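Here is a short briefing on one protein model. Please read it alongside the sequence and the 3D view.

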Amino acid sequence: MRMAKRYNYRGEGPSMLQRTESFARALLLTPIMTRKSTPESSENDVLLLCRRRCCICFGLHGDLGIKQGQIAHLDHDHSNGNLDNLAFLCLPHHDQYDSRTSQSKGLKESEVRHFRGELHGRIAKDIVTSRPDVAVIFKESVLFTAERKARITTQLNSFYLYLTEIGYDLPKDAPPLGVGPGLSFGGVSPGTVYDASMFIPGNDIDDLKNVTHVYSIFLFSHLLHRVDLNPEAKGFAMRAVWIFSDYYRASFVSKHSVDPKSSSAKLETALWDIRRMHGKEFTDRAMFYTFKRWRSPSPTEVDFDTFFATRFLIGESVIDNMGQHDDPIRSFLAARGLLPN
Ligand SMILES: [Zn+2]
């Protein structure tokens, strides 16, 4: 059975900072000077040292995901631009660190400094010792220069690591990646990864979001079609691929944007609002158990949104202690018209 589908790229957010491994190695060998009056270069050093990982997320939760964030002044003195006084923090942690009202319960400067040291150590170790987990097969194209291949491989591996840390058991191979007129993924199902192909647009080749996008479509098609082989359920399974892919790509960079005309807009917005209310870690894992407890729809389940919202409640119940999240999420989904009242 052949299924090929073309996906249109939907732009969202600024591109993430990625560097080649050789660049990072060189950086590690460069002694770090503290500077007084060169905030911009200090800022660059901060970003390169942490690779846009938040040291509080790492220190408290072991979370090495790439974050949208800002550079915080650890002593709360904005005129002190010394490298030693700066740390890249995700937006919620920056707010929390800077908020003076909760300072008694808030994080101490010494803690954040300690976490920052641990994070830099971990990143340096990973860069030196790790080999990519996923080998990327590049189709022949003059556009795939060595530098681009390194950036794309790093991006694909970051997304792979993000999902495997949540618990997903992912294939070690990715389908061959080519350059096309747009973003597309096509494949033969069932088949090996070599029977599929991913394409990123040649005129937008340096936007790494395209790589994550097409790779996540592949991953969730692969995962869901393995558990949902019921032919009548195919339409639902394909829509679920979109929901999982859109959710995790957004959560990976902590930035969400929804096409209001999309048939999934209501459901996707609701999932993002749940993430905002109950947190990234909870919602990332709730989505994981939504996948783990997946089953095909019964003949009476004809509305996809209701079907998915019900699956989500079943998934979140796996990690929900004494149902503390269940009632608010259930009422929230009903209020959004995603579950019957
Ligand atoms: Zn954080």
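In which helix is Ser216 found? Ser216 sits in helix H7, residues 209-227. The model is predicted: local features need pLDDT of at least 70, side-chain atom pairs count only at pLDDT 80 or more, and totals for chains, interfaces and linings use all residues. Residues are numbered from 1 along each chain as its sequence is written.

**Overall make-up**

- The protein has 12 helices and six strands. Helices (H or I, at least four residues) and strands (E, at least two) are DSSP runs, numbered from the N terminus.
- Of the 341 residues, 31% count as buried. A residue is buried if 20 or more other C-beta atoms lie within 10 Å of its own, exposed if 12 or fewer, and partly exposed in between, with C-beta atoms placed from the backbone.
- Among contacts with a separation of 6 or more, 64% join residues 24 or more positions apart. Two residues are in contact if their C-beta atoms, placed from the backbone, lie within 7 Å.

**Ser216 and its surroundings**

- Ser216 is buried, because 22 other C-beta atoms lie within 10 Å.
- Leaving out residues up to four places away in sequence, Ser216 touches Phe159, Ser245, Tyr248 and Arg249.
- Ser216 and Ser245 are 29 residues apart in sequence, yet 5.4 Å apart in space, C-alpha to C-alpha.

**Nonpolar cores**

- The largest nonpolar core has 49 residues. Such a core is a set of buried Ala, Val, Leu, Ile, Met, Phe, Trp, Tyr and Cys residues joined through C-beta atoms within 7 Å.
- Leu156, Val214, Tyr215, Phe218, Ala240 and Phe244 touch the most other members.
- Elements giving two or more residues to this core include helix H6 (146-166), strand E6 (197-201) and helix H12 (326-335). H8 gives the largest share, 10 residues.
- Tyr215 touches Leu156, Phe159, Ala174 and Met198, not counting residues up to four places away in sequence.
- A second, separate core of 17 residues includes Cys50, Cys54, Cys90 and Phe115.

**Helix packing: H8 with H11**

- The axes of H8 (residues 234-253) and H11 (residues 304-316) come within 11 Å and cross at roughly 60°. Axes are lines fitted to C-alpha atoms, for helices over the stretch in contact, and angles run from 0 to 180 degrees between N-to-C directions.
- H8 and H11 are therefore oblique to each other. Angles under 35 degrees count as roughly parallel, over 145 as roughly antiparallel, 65 to 115 as roughly perpendicular and the rest as oblique.
- Phe236, Arg239, Ala240 and Ile243 of H8 meet Phe304, Phe307 and Phe308 of H11.
- By class, this contact has six nonpolar residues, no polar and one charged. Ala, Val, Leu, Ile, Met, Phe, Trp, Tyr, Cys and Pro count as nonpolar, Asp, Glu, Lys and Arg as charged, and the others, Gly among them, as polar.

**Helix packing: H9 with H10**

- H9 (residues 265-278) and H10 (residues 280-292) pack at about 135°, with axes 7 Å apart. That makes H9 oblique to H10.
- Ile274, Arg275 and His278 of H9 contact Lys280, Phe282 and Thr283 of H10.
- Two nonpolar, two polar and two charged residues make up this contact.

- Arg51 is not a glycine, but has a positive phi of about 50°. Arg51 lies in the loop between H2 (39-50) and H3 (55-61). Arg51 counts as buried, with 21 C-beta neighbours inside 10 Å.
- Met322 has a positive phi near 55°. Met322 is in the loop between H11 and H12. Met322 is exposed, with 6 other C-beta atoms within 10 Å.
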